[in-house]
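Let's take a friendly walk through a protein structure, one stop at a time.

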Amino acid sequence: MTQSLTYAPPAHTANPELDARRREVRPVVAVLVAVGSVLAAEDAAINDMTAHLPPSPATSPCALCSSETWPCARFQDAAARITARGLRADDVVPAELHPILWPSPTPRPTPAQERYEAAWPKP
Ligand SMILES: [Zn+2]
């Protein structure tokens with residue numbers, strides 16, 4: 001049996017200012033991967049992307065780069081590093097934020113559709 005290590009900020013403390021700042025933190029989960037894997041090699045980029053995610057789609061400024069709107073430059077740089085290694089940046093981003101990053105009116109292909117299209121490319 002495995003158990004995920006998650007972190008979510010506490011909902012309330014005795015300090016309203018601290019409560020407001022903690023609401024700016026998106027809950028996260030820790031994942032273990034083998035050293036030598038592509039994911040392990042790109043852990044810093046994945047951590048950077050995750051750290052710079054806004055707590056909700058309605059939050060436009062980055063919580064860490066408060067002077068920048070999201071997606072901030074550090075998020076975009078981390079996403080570029082991940083995609084350069086052949087990983088999918090959208091796998092690191094919660095689905096609720098996908099329309100902000102990829103505002104396409106066409107639906108994104110499912111993994112099964114991607115495998116089919118890779119196996120049977122259009123002429
Ligand atoms: Zn940022």
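The tour below visits a metal site, some charged pairs, a histidine contact and a surface patch.

Before we set off, please keep in mind that this is a predicted model.

Start at the metal. Which residues hold the zinc ion? The zinc ion is coordinated by His52 through its ND1 atom, and by Cys62, Cys65 and Cys72 through their SG atoms, at 2.1 to 2.5 Å. Now look at how these atoms are arranged around the metal. The angles between the 4 donor atoms run from 98 to 118 degrees, and this makes the arrangement tetrahedral. The cut-off here is that four donors count as tetrahedral if all angles lie between 85 and 135 degrees. If you follow the donor residues along the chain, their spacing reads H-x9-C-x2-C-x6-C. Are the cysteines Cys65 and Cys72 buried or exposed? Cys65 counts as buried because its relative accessibility is 13%, and Cys72 is buried too, with a relative accessibility of 0%. Both calls rest on one cut-off: buried means under 20% relative accessible area.

Next come the charged side chains. How many salt bridges does a search of the whole structure find? The search finds 8. One of them joins the side chains of Arg74 and Asp48, with an N to O distance of 4.0 Å. Arg74 sits in helix H4 (residues 73–84) and Asp48 in helix H3 (residues 43–51), so this pair ties together parts that are 26 residues apart in sequence.

Arg74 is partly exposed at 48%, and Arg81 is partly exposed at 30%.

Another salt bridge is formed by Arg88 and Glu114, whose closest N and O atoms are 2.4 Å apart. Arg88 lies in the loop between H4 and H5, while Glu114 belongs to helix H6 (residues 111–119), so the pair ties together parts that are 26 residues apart in sequence. Arg88 is partly exposed, with a relative accessible area of 31%, and Glu114 is partly exposed at 30% relative accessibility.

Now find His98, in helix H5 (residues 98–101). What does the side chain of His98 reach? It reaches the backbone oxygen of Asp90 at 3.1 Å. His98 counts as buried because its relative accessibility is 15%.

Val29, Val31, Val33 and Leu39 make a nonpolar surface patch of about 330 Å². Among these residues, Leu39 has its place in helix H2 (residues 38–41). Leu39 counts as partly exposed because its relative accessibility is 39%.

Key
Residues are numbered from 1 along each chain as its sequence is written. This is a predicted model: local features need pLDDT of at least 70, side-chain atom pairs count only at pLDDT 80 or more; totals for chains, interfaces and linings use all residues. Side-chain values use heavy atoms; hydrogens and water are left out. Patches are made of residues with over 30% relative accessible area and no salt bridge: like charges are joined within 9 Å, nonpolar side chains (Val, Leu, Ile, Met, Phe, Trp, Tyr) within 5 Å. Accessible areas come from the Shrake-Rupley method with a 1.4 Å probe; for residues, only the protein chains shown count as cover. Helices (H or I, at least four residues) and strands (E, at least two) are DSSP runs, numbered from the N terminus. Buried means under 20% relative accessible area, exposed over 50%, partly exposed in between (1.4 Å probe, protein chains only). A polar contact is a pair of N or O atoms within 3.5 Å; within protein, one must be able to donate a hydrogen and the other to accept it, and residues adjacent in sequence count only if both atoms are side-chain atoms. Donors are N, O and S atoms within 2.8 Å of the metal (3.2 Å for Na, K and Ca); water is not among the atoms, so sites may look incomplete. Four donors count as tetrahedral if all angles lie between 85 and 135 degrees; four count as square planar and six as octahedral if opposite donors are over 155 degrees apart and all others between 65 and 115; anything else is irregular.
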